[in-house]
Amino acid sequence: MSLMPVDQALEIISQSFSRLETESIALAQALGRTAAEDHHAKLTQPPFDASAMDGYAVRAADVAKCPVDLTVIGEAPAGQSFDGTVQPGTCIRIFTGGPVPKGADTVIMQENTDRLDESTVRIMTGTEQGRNVRPAGNDFTEGQMLIAAGTALTSRHIGMMAAANIAVVTVTRRPRIALLSTGDELVTIGDPVGPNQIISSNTLLLSSLIVENGGEAIDLGIARDTVASLEQKIALLKATDKVDLLITIGGASVGDHDLVQKVLGDHGLTVIFWKIAMRPGKPMIFGDFNALPMIGLPGNPASAYVCAVNFMLPALHIMLGRPTPGAPKSIALLAHDLPDNGSRQNYMRAHYQNLADGSRIVTATPRQDSAKLSTLAQSNCLLIRPPHAPKAAAGEPVDILLLLP
Ligand code: AMP
Ligand code: MG
């Protein structure tokens with residue numbers, strides 16, 4: 001098989017997924033979930049003209065010339081209204097969040113007043129009409145669309161929806177992604193690490209990426225590099241409730257111990273493509289395992305991660321109904337020269353910085369070893385070098401993929 005160009009691979013994978021079914025949940029449970037439909041305000045906020053300050057609610061005309069003495073005829077703390085009308089020459093004491101009464105149109109902040117006695121206040125400095133009053137509906141009005149379908153709900157969205165009395169939210173079901181690591185050398189974190197062993201860090205690397213992006217990760221554990229062990233994991237997968245995507249890690253190459261394609265193939269895997277024209281990540285597999293989409297990631301952590309960001313993330317976002325699937329793209333200016341690129345699209349681990357003038361500069365990490373987690377952890381973007389890109393000089397613009405958060 002020849003190497004599949006990255007864009008074509010992404011196109012094929014994207015077409016294999018569609019949005020999952022929806023469910024209704026309590027707003028309190030909705031953090032990180034994806035809205036499946038537009039959500040509208042159930043009330044108007046603020047519901048009445050509200051004071052933005054502690055002070056006095058006055059008629060602007062009365063404070064056109066200051067100082068002026070006004071008669072204090074009542075009070076409106078938050079949660080309580082003054083039911084009378086503010087007539088010329090009068091005012092009421094008001095507090096932040098308190099309803100501005102009929103007749104009044106302006107609030108004078110307390111600091112600009114002098115309370116002479118129980119019933120008189122001296123307004124030292126006036127202000128323009130409407131100042132320090134939040135008009136009804138200033139924030140949003142009943143029926144207004146507040147959250148668009150496809151929005152990933154953050155704490156800020158949830159706060160706004162709470163204020164709008166949206167107690168129940170319709171969200172897309174969390175995509176369930178099963179992770180199967182393969183390798184005789186791997187141990188689960190927390191277990192004793194033998195002399196020739198390493199920890200299966202990819203399991204947590206990828207499950208964290210899945211959870212960060214609104215999915216649910218199901219850890220199928222580690223298969224040894226034997227047919228029997230892989231078959232045992234296939235049985236475990238079959239016994240697992242509703243899986244939307246299978247990710248295997250490692251064993252995707254052509255080594256003697258790379259059994260994933262062979263064993264899964266014996267149990268119903270159709271390989272849709274194998275090997276992508278990218279670096280790192282060339283040996284990635286995409287297939288159909290008995291109607292379950294399957295991505296076979298290479299084992300090296302940076303390779304696994306780069307492939308997951310490029311292909312698993314869009315799949316996950318499409319299943320969630322997010323409007324722009326995948327990691328966001330941006331442009332940054334190179335902080336240093338780069339040599340010309342080979343025939344595969346190169347994803348360099350890199351770090352960008354925003355400059356005061358609004359531009360971005362990007363620095364590739366010095367060693368692009370796909371086994372290195374320390375440089376991956378320091379990166380906040382992937383610097384994209386297209387196939388056959390000529391050498392580039394410091395200051396030239398390049399495409400980057402942002403790694404969020
Ligand atoms: P493989 O693709 O199986 O040839 O693995 C390539 C490299 O990635 C080897 O050095 C493996 O030890 C390493 N590797 C494979 N799976 C994992 C994993 N789950 N976590 C960390 N490293 C891994
Ligand atoms: Mg292996």
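A residue counts as buried when its relative accessible area is under 20%. R33, at 8%, is therefore buried. Keep that cut-off in mind as you look around this structure, which is a predicted model. Here's a quick tour of its ligand site, one of its strands and some of its salt bridges.

**Around ligand 1**

- Ligand 1 has 14 residues around it, and the closest are E185, S200, G251, G299 and N300.
- Sorted by type, that shell has 4 nonpolar, 8 polar and 2 charged residues.
- The side chain of S181 puts an N or O atom 3.1 Å from a nitrogen atom of ligand 1.
- G251 uses its backbone instead: an N or O atom there sits 2.8 Å from an oxygen atom of ligand 1.
- N300 also brings in a backbone N or O atom, 3.1 Å from an oxygen atom of ligand 1.
- On its own, ligand 1 has 490 Å² of accessible area, and the protein covers 77% of that.
- Two elements give two or more residues to the shell: strand 15 (198-199) and helix 3 (201-212).

- Strand 6 (residues 90-94) is largely enclosed by the rest of the structure, because 5 of its 5 residues are buried.
- T90, I92 and I94 point one way from the strand, while C91 and R93 point the other way.
- Strand 4 (residues 55-58) pairs with strand 6 in the antiparallel sense, over 3 bridges. In that pairing, Y56 has R93 as its bridge partner.

**Salt bridges**

- You'll find 9 salt bridges in the structure.
- One of them links the side chains of E23 and R33, with N and O 2.6 Å apart. E23 is in strand 1 (residues 22-26) and R33 is in the loop between strand 1 and strand 2 (39-40), so the pair ties together parts that are 10 residues apart in sequence.
- K242 is partly exposed at 48%, but D244 is buried at 9%.
- R367 and D369 form another salt bridge, their closest N and O atoms being 3.9 Å apart. Both ends are partly exposed, with R367 at 47% and D369 at 29%.
- Shared partners join E21, R173, K242 and D244 into one salt-bridge network.

Key:
Residues numbered from 1 in each chain as written. Chains lettered and ligands numbered in written order. Predicted model: local features only at pLDDT ≥ 70, side-chain atom pairs only at ≥ 80, totals over all residues. Heavy atoms only, no water. Near = heavy atom within 4 Å. Polar contact = N/O pair within 3.5 Å; in protein donor to acceptor, adjacent residues only side chain to side chain. Areas by Shrake-Rupley, 256 points an atom, 1.4 Å probe, with all protein chains shown as cover. Helix = DSSP H or I, 4+ residues; strand = E, 2+ residues; numbered from the N terminus. Nonpolar A, V, L, I, M, F, W, Y, C, P; charged D, E, K, R; others polar. Buried < 20%, exposed > 50% of the residue type's maximum accessible area, 1.4 Å probe, protein only. Pairing = 2+ DSSP bridges. Salt bridge = Lys/Arg side-chain N within 4 Å of Asp/Glu carboxyl O.
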